[in-house]
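Here's a quick briefing on a predicted model. Have a look at the fold first, then we'll go through the numbers.

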Amino acid sequence: FASRDFEGAPGVQPKVMWRRRAALAAAVLLPSSWSLHTDEVGQYDWLLKQIGKPTALAFSVDTDHIYAATESGVVASMMIQDGRLQWRRIASTEPMRLLRSVGRGLISATENGLVQAWKGGTGDLSWQRDYGEKVSDIVPTRGAAQSVLLVREKEVESRNLAGKIEWQLSAKDLSPEASYIAATTSENSVCLLASTKAGAVVQKADFSGKILEKVDADFELRSAKDAMVVDAHLVVLADGALSVHPICASGESQSIELLKAKSGSWRLQPWQQTKGVFAITDGVSTSVFSFGGSAGLRQLKSLDQVAVVGPVFGVSDDETGQLVALAFAKAEGTQIQLMDPASGNVQPAVSITGYTATERGESQLLLVHELRSGEHRAVISAADHSLVGIQSSKVIWVREEGLATIQQADLYSRHTTADKRSEDKSVGAQLANLPAHLAELLKAPFEILTYLSSVIMARRQRKETGLLLLPDATVPFSSEELRDFGADKLILAMSNAPKIFALQATTSEVVWTKYLGPLDPKCASAKPKGGLDPCVPWMQLLPSAASPHAELVVITPSLGQQKVWWMDPLTGAVLREETMPRDISAVMPLPNQGKTLHTHPLMLIDSQGGLQTLPKDAAELQEAAGKVFHWEVDTVNQVVQGFAVPKDGTKRPSKLVPIWNMELGSLGEKILTAATVQHRQWDHVPVHIKGDASILYKYINPNLLAIVSEDTSGLNLYTLDAVTGHLLHQSQVAGGTSPVHLAACDNWVVMHYQNPKKTRFEILVTEFFQAKADDGPWEILFGKQGARSKSAHQLERPVPLQQTYIMPAGVTAMGVTATLKGITPRSIIMASTTDHLTRVSKDLLNPRRPYPSTAPADKKTVPSQFAPTKEEPLPPYAPLIPWKHTEMLNYHNALHRVTGIASSPTALESTSLVFAYGLDLFFTPFQSAKAYDVLSPGFNYPLLYGSVGLVLAVWAAVSFFASRKALQDRWK
């Protein structure tokens, strides 16, 4: 993604609001330790294990389980009754291409030739072999001794199920340029199809690898992409004709001329072990064919939608009578039909409601199992990466595997207020609303009493109905308690499916989903050109996740006509839809003044810098002229550029004006990553209180931009103002290299990288302060300086402080905790390469930590104004940052391939919500300074309430007897 967008006033510095020193001092002295105990696992946190987009499916021997190989390099076994994982093995970082069920075991192969054998019952690895080249097919033999044929371009080898090589054949024995195309087996022989300069050749061998005969094939094979093996035949699709040629069986070649495709061209669908039956599609319609018997090659059925053909297991022991299943999704539902290939008879279609093409897309893989009762269970994989279990005509479980490819996530509160952007602020309107305001005030005491009763009275967990929980999801047993403290939020996630998911943060409940439509097949080979990638969906909450009323703006991916949706984040309803103009390289939101209600205006920037808006001719563009700036990081041309929306009187701006640029490509540098300041929508503490009660003013700049580049000598970290282009600080890391992870928040930037020369991982932290003396609070409290916004052109150059630390392991993602007021010390959440999710307090990554007396002189040159005092609880500098096992947020649960971390505040200042996503999903509340503003869950409430009750009872009794005694004394 070669361009990044920035929106804001002309470098506006947020108002430097004075925080009470008592509150800040309390924040400094807050405890900075947190740990998860064994009995707390599953109390508030949840873990969701995913497998990724299925690429192949297979039944187990007993048909109670289904095996799946996925694009995420996972092999897994699932219960067909409810979709729960029996076992999961993350076999490779490469996509799985082939999966074959052999006896009670499995054989899988990746794109680059890693072949692995698994035990079907336990998922234990039996053996593996990395060939380093593509394995085109895995063919189980039909002999008495079970074995498999591994077909590669230059060699075919036979291995038994223990992995021992039985025999090998080389294509060089045919000719130097020969290559194997396919292999198949019969009852007593093996047939290998090879391509040579002279034409196609079939080798016939016995099960010991001895060549019995070599026959020249009577057909021409142009490309392996246009062919596939179906049983003992080669199916070829070329020049508008479909041909079937026997490889290891008797018979003659057959051919059929195809009708003209309705869209594009015909292509073969992957064969799913359906005996003698296969299908072709043009992306709009599907034709199903069969061959064998007296009828030969013939068309069984033609459909006006994309369909998938799959096998039916358990019907009969006689394979000649085996049925095949046909599934196709429509807007109103999905239909499954069973067909008899021998007779061509088709059973009545079964309609499945709740599984539509609009919600799931096209069906891609299909397995059907016939029960003894006559009912059928089916498993379908769809274009949205989901796996769906169906019994009869009902959907019994759904696995949303699109969640394994989340590329962006944010959290949004489910308790929002009404939109007040169009509210009338006149005196008359305010007086008319006075009764409503009084009614709101009267509600407050009742709400307080309701809350106290919910806390005092022992509550049982409320059982909500209609929870759309995924098969492996478990609701935390204290999720309701967490909701009561402001954690009732939605996790809005965009996946590569492409699909939007809204999950209940505290329970992992799927609230709503929105499928954006299929990706263009050309996107797989499209090269990035910089700017807005039309093959990648775009999503953003506007104006921000902290807004009481926000809209979810989505741009659908398409190489053709893209769409822009304004959606309600709570329900997923599309509020407005617009057509995206072509040749758009960047999108950024405009300041919304309430003139376009329920449609947050967008500014579109084309490749020439031209400006357009959605909705069209939005007035906000002209009002924002001279106040809105835009920057781009071009990773193709290695250039960072800044632009401004010009203001020319009353004329509407039509084109951006370049104001600065930084060319790194001319210096031989390659841009690796960039980051902006996180959590700008929440409050922050603008000062730091030292031990002697003096103040350090943080350099808070919402336009801060950090860029990391790489050259021959190492890494370069540039920190600059995105509005003015002024370089604030530059760091050179000799010997540093990728992978690089960057995070920025408040007034600091951290960079995690690898140092191969020193064989370790390091983290560089840079913190910025204002070169301003502490003049006391008088001017801030009573003067005008603290309430005045500053332009970015008027900001003084900050004072950078920097330190480097050693990290125990590499990381795959970094995030920063968020709280409402920013008082609680921040922690950096890191997903490690060891499958842990841990945290490092920002107090440890503090460049003000004093160096020991034995340190070199150049490291002691910290300005006295920023040097720590003796009273300040700041530990001395230690190069190694330890990772404590008690600070692992995921405890004993491994988190695989985490790619991003999102965080959001709660109503408690001490608590932040953390959501980590990747192949696995993990959610937990986190307290970087313990729960200083709430009682612990193990607090003895009965003792407290009993003590208070006893005191009240004693007070009442003593008061009664005292008043009675006083009355008696008066009568004396």
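Residues are numbered from 1 along each chain as its sequence is written, and side-chain values use heavy atoms, with hydrogens and water left out.

**Overall make-up**
- The protein has 63 strands and 8 helices, taken as DSSP runs (helices H or I, at least four residues; strands E, at least two) and numbered from the N terminus.
- Of its 972 residues, 51% count as buried, meaning under 20% relative accessible area with a 1.4 Å probe, protein chains only.
- Among contacts (heavy atoms within 4.5 Å) with a separation of 6 or more, 54% link residues 24 or more positions apart.

**Confidence**
- Mean pLDDT (the predictor's confidence in each residue, from 0 to 100) is 84, and 85% of residues reach 70 or more.
- Confidence is lowest in helix α1 (residues 21–28), at a mean of 38, and highest in strand β55 (residues 748–755), at 96.
- Residues 1–34 have pLDDT below 50, yet this stretch has 117 contacts in the model beyond near neighbours in sequence.

**Surface**
- Leu952 is found in helix α8 (residues 941–971) and is exposed (over 50%), with a relative accessible area of 51%.

Conventions:
This is a predicted model: local features need pLDDT of at least 70, side-chain atom pairs count only at pLDDT 80 or more; totals for chains, interfaces and linings use all residues.
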